[in-house]
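Morning, everyone. I have one structure to go through today, so let me put it on the screen.

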Amino acid sequence: MGKFSGTNLTCIRGERRVFSGLDFSIEDGGALVLTGPNGSGKSSLLRLMAGLLTPAEGALTWNGEATSEDPESHGGRLHYVGHLDAVKPMLSVAENVSFWASLRVADKGLKDLVAGALDAFGILHLADVPGRFLSAGQKRRVNLARIAAAPAPLWLLDEPTTALDRATIKDLERLVASHRTAGGMVIISTHSDLRLNPAENLDLATCTTRPLTEQLAQ
Amino acid sequence: MIGFIHILRRDLRLAQRQGMDSVMAVMFFVIAVVLFPFGVGPEPNILARIAAGVIWVAALMSSMLSLERLFQTDYEDGSLELLTLSPITLEIAVLAKIVGHWLTTGLPLIVAAPLLGVLLNMPVDGFPMLILALALGTPSLSLIGAVGAALILGSRRGGVLLSLLILPLYIPILIFGVSAVDAVIGGFDAKPQLLIMGGFLLAALPLCPWAASAAVRQAVE
């Protein structure tokens, strides 16, 4: 059981107020879609939720406890996908994924987890290919396979569909759906249409939350 | 602890595949030392007198040469963000990277140092102490250097800034490292110098990963 929420969050970047007085709350199996124009603070909010940024005001809590109290356990329960894919050019696809998974799960059974995650994104045949030969979309798939390989209840995905083809977006939708069925929560910023219904929509332009409808997901 | 081993293993594997970093550090070390006989002339007595100092200064420089890359590549490809967000304590992760740096650049220097001692006509009595002093000193160099390497993240021309930041901090290690070798060659006991260098290492071991982690957190913000 988990509940992740933030109250009265204010984010200031370079002396500019990005957003203020923002509240959100998400529970097991929930999905929160962040929308808003460029520069409205979607990435900043996700980095804030991950703990990479500290809010200028307000607090983030997990089951009522402030996440800043224990950054390591907060890090342990979340997966963050940012703009960079963290794929090492000198390591093979499987080595890249299994390194990140090895920090979270025991060595026993790691191989199967990694193989399963690579298979989920259709890159199992690339397992031995070094990262430097991958295209942008393949690198993004490796990054998404990284979060599929090790379980974590909270996923923070910052425009995860960048560079992905349509078939892989479907794979991602399937993965997010099964993650939610297993009780996980997901917070996504996106410009493209990911089907996640039912989901809540947090509009950064107005800082209001409402149920996500189909046309909002455009 | 498991995370420490995984990060160390990854960094060693990367160093082994890229290969160039450790080879370059050693080559730079050798070439820098070899330049001295050309500069100061081939008199064996003068070379023997300055041997320990030259080897130590060259070791400082070559250890610093590869430090810029310690966090830079991870910073640029986003790995550093993910390391900050992993369940591993960041200080432990940073320490693993520092140990990796020392194994790939500090250790080869220790192996190459006696050879350069021969080239510079260093008295044979000093060799064991040179190795021992380098073994105590080079880990401190990697530790202190990591703080500088983390501080320069995100800055342009980081390499020059790095040397300005950390070379002054290397001076105590240089002084006691050279003086330990000179003491043994002169027939004295080098225990005080070794104890002081050991003290540096023991102080740097907890303090430097802590300071470097703080700088890394600042950099990924």
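In what order do the six strands of the open sheet in chain A run? The order is β6-β7-β8-β3-β9-β10, and the pairing is mixed. Strands pair here if DSSP finds at least two bridges between them. Strands (E, at least two residues) and helices (H or I, at least four) are DSSP runs, numbered from the N terminus.

Before I go on, this is a predicted model: local features need pLDDT of at least 70, side-chain atom pairs count only at pLDDT 80 or more, and totals for chains, interfaces and linings use all residues. Residues are numbered from 1 along each chain as its sequence is written, and chains are lettered from A and ligands numbered from 1 in the order in which they are written.

One of the bridge partners in β8(A) is A:M185, which goes with A:L154.

Now chain B. It has nine helices and zero strands.

Next, the core. The largest nonpolar core has 130 residues, and A:V97, A:A145, A:L156, B:I55 and B:A146 touch the most other members. Such a core is a set of buried Ala, Val, Leu, Ile, Met, Phe, Trp, Tyr and Cys residues joined through C-beta atoms within 7 Å. Helix α7 (residues 126-151) of chain B gives the most to this core, 13 residues.

Last, the interface. How many residues of chain B are in contact with chain A? There are 19, and they meet 22 residues of chain A; contact means C-beta atoms, placed from the backbone, within 7 Å. Two elements of chain B give two or more residues to this side, α1 (2-18) and α5 (79-84). The largest share, six residues, comes from α1(B).

How values were computed
Two residues are in contact if their C-beta atoms, placed from the backbone, lie within 7 Å. A residue is buried if 20 or more other C-beta atoms lie within 10 Å of its own, exposed if 12 or fewer, and partly exposed in between; C-beta atoms are placed from the backbone.
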